[in-house]
Amino acid sequence: MNVRHRLRTALALVVTFALSIMVAIGMAAIATPFPAWADEAQPVTLVAFGDSLTAGYGVKASEAFPAQLQMALQAKGYKVTIVNAGVSGDTTADGLRRFDWAMQPKPDGVILELGANDALRGIDPKEPGANLDKMLSALKSLDVPVLLTGMKAPNNWGDDYAKAFDAIYTDLAAKYGVPLYPFFLDGVALDPGFSQPDGLHPTASGIGEVVKRIMPEVEALVQRISQRKTAAK
């Protein structure tokens with residue numbers, strides 16, 4: 001009986017020790033699912049303003065760029081809502097015409113993605129440059145932080161056109177002192193594994209790749225906005 005009692009006691013101690021470790025691990029996971037700053041971060045609303053690349057042409061609404069980006073940010077602990085203000089087929093001129101009402105109510109920040117359709121149509125780069133300039137000027141007046149995303153002109157318009165068009169984004173980013181993600185479709189454009197049959201629009205997985213690559217710049221934007229909102233309280 002004495003031996004059995006000792007065995008039962010030892011087994012009970014082992015089970016109790018194992019359970020205490022499991023509880024401790026579980027509590028730690030519950031207590032710190034996100035970085036320490038996450039609980040103090042202010043909710044942020046971003047407007048993704050663009051064309052079909054933002055709207056999510058050919059994919060489900062839940063697979064569009066704004067939706068996938070929002071899910072990726074929330075998974076990292078950010079309190080972010082991203083409004084999909086993309087319209088398929090929009091040029092920068094189209095975007096400018098709807099810009100004012102798209103900024104109502106005033107968002108905390110904007111991801112500006114326009115210009116692809118201007119380039120595809122061979123529109124004089126001065127026009128999209130002027131249109132984007134007006135949007136950035138308006139955002140500056142509204143005191144709304146922005147992440148500008150660049151586009152690349154197709155090769156069929158020649159080197160001179162490509163140089164003039166591609167320079168639009170670097171020049172405007174420098175003029176307004178805003179962060180620039182140089183090419184929205186970086187790592188995705190012309191990749192059959194990431195492109196829809198039209199060869200222009202990304203698939204859901206292609207959009208996921210865009211999100212992964214642009215994430216550091218968007219995180220920096222969100223953190224800057226959150227810090228500013230916290231300081232203003």
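**Salt bridges and ring pairs**

Author: This model is predicted. Start in helix α8, where R213 and E209 are four residues apart, so about one helical turn separates them.

Reader: Why does a spacing of three or four places matter in a helix?

Author: An α-helix has 3.6 residues a turn, so residues three or four places apart point the same way. Here R213 forms a salt bridge with E209, with the closest N and O atoms 2.8 Å apart. E209 also forms a salt bridge with K212, at 3.3 Å between the closest N and O atoms. E209 and K212 are three residues apart in α8.

Reader: Is E209 buried or exposed?

Author: Buried means under 20% relative accessible area. E209 has 13%, so E209 is buried. K212, at 56%, counts as exposed. R213, at 35%, is partly exposed.

Reader: How many salt bridges does a search of the whole structure find?

Author: Nine. One of them pairs D143 with R228, the closest N and O atoms being 3.2 Å apart. D143 sits in the loop between α6 and β4, and R228 in α8, so this pair ties together parts 85 residues apart in sequence. D143 is partly exposed at 48%. R228 is partly exposed too, at 39%.

Reader: Now the rings. How many aromatic pairs are found?

Author: Five. Look at the angle between the planes. For F49 and F99 it is 90°, with centres 5.4 Å apart, so the pair is edge-to-face. F49 is in strand β1 and F99 in helix α4, so the pair ties together parts 50 residues apart in sequence. Both F49 and F99 are buried.

Reader: What does a stacked pair look like?

Author: Take Y161 and F165. Their planes are at 10° and their centres 6.1 Å apart, so they are stacked. Both lie in helix α7, four residues apart. Y161 is buried at 12%, and F165 is buried at 0%. Ring pairs also link W157, Y161, F165 and Y169 into a cluster.

Reader: Which residues touch the most other members of the largest nonpolar core?

Author: L46, F49 and L112, in a core of 56 residues. Helix α8 gives the largest share, nine residues. Among the residues that L112 touches are F49, L132 and M135.

Reader: What covers the buried residues of α4?

Author: The cover includes β1, β2, α5 and α6. F99 is one of those buried residues of α4.

How values were computed. Residues numbered from 1 in each chain as written. Predicted model: local features only at pLDDT ≥ 70, side-chain atom pairs only at ≥ 80, totals over all residues. Heavy atoms only, no water. Phe/Tyr/Trp six-rings, centres within 6.5 Å; stacked < 30°, edge-to-face > 60°. Helix = DSSP H or I, 4+ residues; strand = E, 2+ residues; numbered from the N terminus. Buried < 20%, exposed > 50% of the residue type's maximum accessible area, 1.4 Å probe, protein only. Contact = heavy atoms within 4.5 Å. Core = buried A, V, L, I, M, F, W, Y, C linked by side-chain atoms within 4.5 Å. Salt bridge = Lys/Arg side-chain N within 4 Å of Asp/Glu carboxyl O.
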